[in-house]
Amino acid sequence: MSDRITFDRTLYWLEAVEAAAAAYAEHARIELTSTPDTVVAVISDVLEYEPQLVANAFSNHVLHETIARRRQATLDEAG
């Protein structure tokens, strides 16, 4: 079984999704597909935890990475 999560690129940065996928690599296999409008993450082969828990935590990590990267980009532009 796998979970498919679609991230809208107007809200989420590709680099943020990639960073979250790398952070969760030890917990599951996460395959990313990118289009100009979306990034799709397919989560499978979840180890140790409930698959839905991993999917939810991964989504939260993507949000965190996006916020942190946007904040840093703003600081870089101002500095």
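E65 is buried, with a relative accessible area of 16%; here buried means under 20% relative accessible area, exposed over 50% and partly exposed in between (1.4 Å probe, protein chains only). This is a predicted model, in which local features need pLDDT of at least 70 and side-chain atom pairs count only at pLDDT 80 or more, while totals for chains, interfaces and linings use all residues. Residues are numbered from 1 along each chain as its sequence is written, and side-chain values use heavy atoms, leaving out hydrogens and water.

Let's stay with the helix around E65. Helix α2 covers residues 51–78; helices (H or I, at least four residues) and strands (E, at least two) are DSSP runs, numbered from the N terminus. Besides E65, the buried residues of α2 include V54, A55 and F58. Among the elements covering the buried residues of α2 are β1 (3–8) and β2 (29–34), where contact means heavy atoms within 4.5 Å.

Now to the charged pairs. The structure holds 3 salt bridges, each a side-chain nitrogen of Lys or Arg within 4 Å of a carboxyl oxygen of Asp or Glu.

| Salt bridge | N to O distance |
|---|---|
| R29 and E31 | 2.3 Å |
| R29 and D45 | 3.1 Å |
| R69 and E65 | 3.1 Å |

R69 and E65 both lie in helix α2, 4 residues apart, about one turn of the helix. Salt bridges that share partners join R29, E31 and D45 into one network. R29 is partly exposed, at 41% relative accessible area.

Methods:
Expected span 1.5 Å × (residues − 1).
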